[in-house]
Amino acid sequence: MTTPTKPPAAAQQAPTAEFLRAKAQAERGVAGAQHSLGFMYFNGQGVAPSYELAVVWYRQAALQGMPQAQYNLGVMFQKGQGVAQDFQEAAAWYQLAASQGYAAAQYNLGWLYARGQGVAADTRQAMHWFSKAASQGDAGAQNNLAMMYDTGKGVPQDPVQALHWYRKAAEQGYARAQYQLGLRYENSQGLTPEMADVGQAMSWYRKAAEQGYAPAQFNLALRFDKGDGVAQDSQKAILWYRRAAEQDHASSQFNLGLIYDNGQGVPRDEQKALDWYRKAAAKGHAGAQNNLGLRYYHGQGVAQDYVEAHAWYGKAAAQNFPGAQYHLGQLHDAGHGVPADAQAATDWYRKAAEQGHLRAQFDLGLRYETARGAPHDLRQAQAWYRRAAEQDYAAAQYHLGLLYDRADGPQPGPLSGLQPDPQQAGHWYARAARQGHTLAQFALGLRYDNGQGVAQDYAQALHWYALAAAQGHARAQFNLGLMYLAGQGARADAAQAWTWLALAHRGGHAAAARYLASAAARLDAAQLAQAHARLDNLPAIASA
């Protein structure tokens, strides 16, 4: 076995005259020359680069009290360049330079105190050194000082002071401060409400975005995406999302996935959507992890795999993402990828419901009402339906109406029934009906028809029956037909009556046949033929 030969050493760079002059002066003990020599070794300027020799010469200058050399030596100890990394040694050299008023050293020393590296963590000391550097115009220190005022870390929280220092840093081109200034113009933080200015916000976001600052690129994209304060422009949104996404900005990757998933401003592309979701999910973005779980659950762009869906839902649920918690509940309910477990399903639904997830709140109400994976408890059912109903979830509003319609009567104890309340029932039916909920429309029509909890009103009954009937509700079609036959809520109209009764009969309502004959008897042959033709030409209505 032959031993590989060592590659030849790189050709030595011939020292330049400038280097030789600096070396001669450095060897005579001139501090400035020693620092220059360290700089040349560090950057390979006029000589082969060597961190180790840079440290040697920076130290010589630093020991003579030169603050710039002390700072550079501190940086090398902080980063472990040419020496073993040593935060304590870095702090000592920064302290020497900072005490001489060297702003960059003051800034770095402030960071070490803020992070507790090489020194005990001390926000007051961090504030002290950031303040000194900031007062000398160091943009990074100005930004950090603003952050401390912003968060109240080491100093009383002061939005006005935060704004002041962010502006100073931003005006020097410091991207993070420009972004923060944009946020403040957007949210009036540190400003009076009338000073909020979307145009200013966009201007500062753009300045930071053009320097490559990903959060600003994301905010700029979001504005163009939603048309918020600017004309909606999907192409500009995609441009800025992509720039941020290419820097591994997870929310931008996720939003790009959504754009390709929905075909918004680009041709719909499931594979590109999947690719961006994967990137964002790998960065821990809970929404992307949930969407990836959905892809595996439905087999959309990937082979259907409930176990993989469960894994991705689990990652998002661990971050308290309510949609994923709800989907985990569905997996446990159906036994997909996991053993069926009604109690585990209820537990996941509860986690999501407590965070305001509408479907979870509704499903949790159903489980208490039907005693599936939860004890039978109508009051708990009512409470969860109400939470979803108050967020305008129509199915929950309808079921809440049903509970108020029940006549269980109050019973003592925690599992008591509910006192019927016709007014509350009507209120919730009406809210669901106005959202197009078919069963609620029929229930509301029935209440106006019978004067149950409301003043009897045939015109209102006809209105709500008609809406439910148009959605294929057979009983609503039957009742609507009877109302046209009897002239209740509208003038009697045998042709309309016949049409709705025929639709009800087609939908399986057996009693409609008897009244069909009565309606037909009121029509002459031509009218009946027209009614048949009209019925044949009606689009199929799915029965509700």
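Predicted model: local features only at pLDDT ≥ 70, side-chain atom pairs only at ≥ 80, totals over all residues.

Trainee: Okay, then at what angle do α4 and α6 pack, and how far apart are their axes?

Mentor: Helix α4 covers residues 67-79 and helix α6 covers residues 103-115; they pack at about 30°, with the axes 10 Å apart. Because angles under 35 degrees count as roughly parallel, α4 is roughly parallel to α6.

Trainee: And is the crossing of α4 and α6 left-handed or right-handed?

Mentor: The crossing of α4 and α6 is left-handed.

Trainee: Which residues make that contact?

Mentor: From α4 you have Tyr-71, Val-75 and Gln-78, and from α6 there are Ala-104, Ala-105, Asn-108 and Leu-112. By class, the contact of α4 with α6 has 5 nonpolar and 2 polar residues, with no charged ones.

Trainee: Nice. Now the other pair: at what angle do α1 and α2 cross?

Mentor: Helix α1 (residues 17-27) and helix α2 (residues 31-43) cross at roughly 135°, and their axes come within 8 Å. The two helices are therefore oblique to each other. As for handedness, α1 passes α2 in a left-handed crossing.

Trainee: Who meets whom between α1 and α2, and how do those residues divide by class?

Mentor: On the α1 side there are Glu-18, Phe-19, Ala-22, Lys-23, Gln-25 and Ala-26, which meet Ala-33, Gln-34, Leu-37, Met-40 and Tyr-41 in α2. The residues of the contact of α1 with α2 divide into 7 nonpolar, 2 polar and 2 charged.

Trainee: What is Ala-61 in contact with, beyond its neighbours within four places in sequence?

Mentor: Leaving those neighbours aside, Ala-61 is in contact with Ala-31, Gln-34, His-35, Met-66 and Ala-69.

Trainee: Last one: where is Gln-325, and is it buried or exposed?

Mentor: Gln-325 is in helix α18, residues 322-334. Its relative accessibility is 2%, so Gln-325 counts as buried. Not counting residues up to four places away in sequence, Gln-325 touches Ala-317, Asn-320, Trp-348, Lys-351, Ala-352 and Gln-355.

Trainee: Great, thanks!

Conventions:
Residues numbered from 1 in each chain as written. Heavy atoms only, no water. Axes fitted to C-alpha atoms, helices over the stretch in contact; angles between N-to-C directions. Helix = DSSP H or I, 4+ residues; strand = E, 2+ residues; numbered from the N terminus. Parallel < 35°, antiparallel > 145°, perpendicular 65-115°, else oblique. Left-handed = near helix turned anticlockwise from the far one by under 90°. Contact = heavy atoms within 4.5 Å. Nonpolar A, V, L, I, M, F, W, Y, C, P; charged D, E, K, R; others polar. Buried < 20%, exposed > 50% of the residue type's maximum accessible area, 1.4 Å probe, protein only.
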